[in-house]
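This report looks at one helix and at the aromatic contacts of the model. Sequence and structure come first.

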Amino acid sequence: MNEKTAKSRNGAIDFLKFIFSLMVVQFHSSNLTKIKTTPFVGGAIAVEFFFLVSGYLMAASISRYKENEIMVGRDTRHFMLHKIRGLCPEIFIAWGIGFVVQHMGKENTLSSLLKDLMTGVWDLFFLRESGLEGFRANPAAWYISAMLLAMLVLVPLFLKNRDVFLNVWAPILAIAALGYLSKNVGDLRGPTDWLGFCYKGWLRAVGELCLGAICWGICQNVRKMGDSFTLLARILLTMLEAGCYLSVILWSYQHKGSQMDFVMLLFFAVGVVVTFSSQSLLSSVFNNSLVYFLGKISFPIYLAHNYWSHALVRIYPGQSYAQLYPKYAAAVLITTCVIALTAEGLRRAAPSCGALCRRLFYIDNRKMDAQ
């Protein structure tokens with residue numbers, strides 16, 4: 001990995017992305033059993049880490065825009081398209097695999113397959129959390145839809161006035177969204193529960209992306225003080241960082257969703273601030289090529305597992321959790337490799353394919369004029 005790439009990554013965040021992706025995989029293994037008492041039964045809380053990191057990176061990205069050159073509509077479109085390009089082609093490859101896997105072990109007809117194919121189109125446009133109903137080829141992709149639809153609301157507010165967004169809108173929206181969920185639902189689970197005006201996952205995304213943006217603002221102040229921190233201060237920050245993440249991991253091992261979800265979210269937020277500040281003693285430990293790779297592979301892992309947890313029960317009816325779990329782990333590993341390698345191949349082929357399409361469908365007026 002070249003020096004420029006290394007400087008643009010935070011190894012500790014990459015490592016945590018990998019760990020929490022595995023936690024989500026383990027959490028969904030509960031679909032393999034009716035008892036639902038598998039290890040990390042509360043592992044769904046790991047998604048909160050990804051929302052916070054996405055909110056932080058959203059704020060970091062927009063902060064680089066030159067305020068006197070901002071055009072809210074145009075720059076919102078550019079931001080969203082850039083974000084979507086970063087998710088492709090993995091999200092589409094996973095959708096195709098999920099469509100096939102979700103129909104394994106079922107009695108399918110041509111009519112039912114066509115219906116699922118057509119109604120599943122909303123996932124391809126990242127609109128699942130909008131309320132548009134259809135076949136869900138990859139249940140885990142709700143997170144992508146919720147994140148993008150929430151950003152579509154938040155990014156123009158941020159671009160319009162950074163100071164007002166970070167100091168007024170972000171706190172208001174975070175408190176309102178999370179407060180509503182705490183009072184009326186009592187936890188942060190069930191992203192596809194309809195609240196009457198939106199899906200729970202979308203409201204959850206709005207609140208947590210805003211909280212992630214607040215973390216970015218706090219982190220900038222922590223970084224400014226970085227040169228003044230003593231060794232004792234860095235030791236305390238390291239203990240705080242590790243304590244926050246370990247608390248969430250240990251709690252999620254046996255506890256399902258409850259009001260404690262919001263406390264765990266707070267722990268995550270504190271941990272994210274310290275990790276991104278790079279002021280703890282652990283910050284340099286994870287800056288290496290292996291960890292960067294683990295961070296990169298975490299997205300394919302997230303996209304490669306959920307449909308298998310549902311399909312294997314149908315494919316191998318009557319088998320126990322202990323019998324199904326090795327098959328589940330192997331399927332996730334193989335599917336992750338397929339998604340990652342196929343995506344890498346498509347990215348390498350994209351420039352050549354793009355040039356070919358331009359030659360096939362566009363006339364080069366400059367050549368015509370020269371003639």
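## Basis

A polar contact is a pair of N or O atoms within 3.5 Å; within protein, one must be able to donate a hydrogen and the other to accept it, and residues adjacent in sequence count only if both atoms are side-chain atoms. Helices are DSSP runs (H or I, at least four residues), numbered from the N terminus.

This is a predicted model: local features need pLDDT of at least 70, side-chain atom pairs count only at pLDDT 80 or more, and totals for chains, interfaces and linings use all residues. Residues are numbered from 1 along each chain as its sequence is written, and side-chain values use heavy atoms, without hydrogens and water.

## Helix α13

N288 caps the N-terminal end of α13, with a side-chain oxygen 3.2 Å from the backbone nitrogen of L290. The helix bends by about 30° at I297 (the angle between axes fitted to the seven residues ending there and the seven starting there). A proline, P300, follows within four residues.

Of the 15 residues in α13, 11 are buried (under 20% relative accessible area; exposed is over 50%, partly exposed in between; 1.4 Å probe, protein chains only). Among them are I297 and P300.

## Aromatic pairs

The structure holds 24 aromatic pairs (ring centres of Phe, Tyr or the six-membered ring of Trp within 6.5 Å; planes under 30 degrees apart are stacked, over 60 edge-to-face, the rest tilted). F20 and F49 form a tilted pair, 5.0 Å centre to centre, with 45° between the planes. F20 lies in α2 and F49 in α3, so the pair ties together parts 29 residues apart in sequence. F20 is buried at 0% relative accessibility.

Ring pairs link F20 and F49 into a cluster that includes W142, Y245 and Y302. Y302 is also one of the buried residues of α13.

Methods:
Helix = DSSP H or I, 4+ residues; strand = E, 2+ residues; numbered from the N terminus.
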